[in-house]
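Subject: A structure for you to explore

Hi there,

Here is the structure I promised to pass on. Have a look at it first, and then read on for what turned up.

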Amino acid sequence: LAAASSPSSSLTNVRDGPEAAVYSLLERVLPGTSSVFDFQIEPCATVDSNDNAGDEAKCFAISDVANQTDAGAQIKIVASGPNELASGLGVYLREVCNMTI
């Protein structure tokens, strides 16, 4: 039996790992656009305050890599975790694309 086409079939380029949730979120909000984004999780600098000494900072960085790679991704968001990746995506859509979601 051939597999029937379903809405989830558009998620074929969703990667595994903790970033997968953010790719899925992006596909729900803007179907077909996940190939334009490159989400990566990397640790940030540690927090030096007395309250959170030694804790990892929560952060994200957004960069335009359209001219730097042939992989197809144009927007790279690097963050300390999946929640921060989603926050970075929200900031990009709101501040650069002038969208509200």
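A salt bridge here is a side-chain nitrogen of Lys or Arg within 4 Å of a carboxyl oxygen of Asp or Glu. Side chains of opposite charge can pair when their charged atoms come close. Searching the whole structure gives 1 salt bridge. Arg94 counts as partly exposed because its relative accessibility is 44%, while Glu95, at 55%, counts as exposed. For these words, buried means under 20% relative accessible area, exposed over 50%, and partly exposed in between (1.4 Å probe, protein chains only).

A quick note on how to read all this. This is a predicted model, in which local features need pLDDT of at least 70 and side-chain atom pairs count only at pLDDT 80 or more, while totals for chains, interfaces and linings use all residues. Residues are numbered from 1 along each chain as its sequence is written, and side-chain values use heavy atoms, leaving out hydrogens and water.

Next, the sheet. Helices (H or I, at least four residues) and strands (E, at least two) are DSSP runs, numbered from the N terminus. An open sheet is built from 3 strands in the order β1-β3-β2, with mixed pairing; two strands pair if DSSP finds at least two bridges between them. β1 and β2 (60-64) are the edge strands, each pairing on one side only.

- β1 and β3 are parallel, with 5 bridges; Phe37 stands opposite Ile75 in β3.
- β2 and β3 run antiparallel and are joined by 5 bridges. Ala61 stands opposite Val78, and Ile62 has Ile77 as its bridge partner.

β3 is largely enclosed by the rest of the structure, because 4 of its 5 residues are buried.

Enjoy exploring!
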